[in-house]
Amino acid sequence: MRRVHCYCCESSASELWAEENGFKMVRCLNCGLLYVNPMPDEREIDRAAQTGLHQGQEKLDVSGQYGGVAKVENYIRILREIYGDDFFRGKPFKWLDIGCGYGEFMEALIREGGPQCDVRGSEPSEVKSASARQRGLKVSFLDLETVRERFDYVSLLNVYSHLPNPIETLAGVRKLLNAGGELLIETGDAANLERSDYPDKLFLPDHLSFASEEIVCRILEKIGFKIVAVTRLHHPAYRKWTAWDPVIYWMQQRLRGRLGLRRKRVYPYRDLWIRAALRAA
Ligand SMILES: [Zn+2]
């Protein structure tokens, strides 16, 4: 275990936000980032990424399983929402999905892009990458520093919050893109929540930090990207809102404000999808 400071603004001023499974998550008093401190050693983080097992007070197994057709079709819906219906039709592209898991997102890309697209995946978990290869997907564990190939698109879905230092990783990812290439990042928007408003277990130390739209966009701009679009989708940890929920939520917030109570932040559209393009050097 090692003590760290905020990777976003480098401040070491923080307050305790939550404790779980023998780990502490703190909030940076300067920028609001939530991060695990002290953090497991790099070797332990890499080992856990390969095995899916995290050791805290309890052993946490995050291997999961292949999501099948339902997950692939959900990704196709998301791709169309983010890029538009015909974005990938008829144009060849090279795509690398980092942390591709069982490969459901790769399958969605292949279905959208057709046979002329080249979709590759990198996955540290041996169980997940073997499962993806069995379904004919091109998946291995790539050492990003030594990869010579360049891609038109690189995606990191549900990867950001597991990285010990996202700035370092994303700066490395930048070098994998062709001129005019694009990055796609999916992560939750949780940095501005109180622990009691976070709807789930935190899964520490599998998760190492929680950011927000502002924090991720600031980091991307700092390392040479320009933001193309941010799409907010319903986060599965929250109940889906019915038509009346926004009105009820607004009234509750006003009432809590009048009574001097803390406003609860249950806004369910906390699944962030950020498209960022490589800025010309
Ligand atoms: Zn900070």
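The dialogue below walks through a few features of this predicted model.

Q: Where does the numbering start, and which residues count for local features?
A: Residues are numbered from 1 along each chain as its sequence is written. In this predicted model, local features need pLDDT of at least 70 and side-chain atom pairs count only at pLDDT 80 or more, while totals for chains, interfaces and linings use all residues, and side-chain values rest on heavy atoms, with hydrogens and water left out.

Q: How many helices and strands does the protein have?
A: The protein has seven helices and 13 strands, where helices (H or I, at least four residues) and strands (E, at least two) are DSSP runs numbered from the N terminus.

Q: What share of the 281 residues is buried?
A: Buried residues make up 49% of the 281 residues, buried being under 20% relative accessible area, exposed over 50%, and partly exposed in between (1.4 Å probe, protein chains only). Ala 243, in the loop between strand E12 (225–233) and helix H7 (245–258), counts as exposed because its relative accessibility is 70%.

Q: How is a pair of aromatic rings described?
A: The distance of the centres and the angle of the planes describe such a pair. Rings of Phe, Tyr and Trp (its six-membered ring) pair if their centres lie within 6.5 Å, and planes under 30 degrees apart count as stacked, over 60 as edge-to-face and the rest as tilted. The structure holds 21 aromatic pairs. For Tyr 83 and Trp 95 the ring centres are 6.3 Å apart and the planes stand at 75°, so this pair is edge-to-face. Because Tyr 83 lies in helix H2 (residues 68–83) and Trp 95 in strand E6 (residues 94–98), the pair ties together parts that are 12 residues apart in sequence. Both Tyr 83 and Trp 95 are buried, and both belong to one aromatic cluster, whose members include Phe 87, Phe 88 and Trp 273.

Q: Which residue lies over the face of Phe 87?
A: A charge sits over a ring if NZ of Lys or CZ of Arg is within 6 Å of the ring centre and within 35 degrees of the ring normal. Lys 91 lies over the face of Phe 87, at 4.0 Å from the ring centre, and Lys 94 lies over the face of Phe 151, at 5.4 Å from the ring centre.
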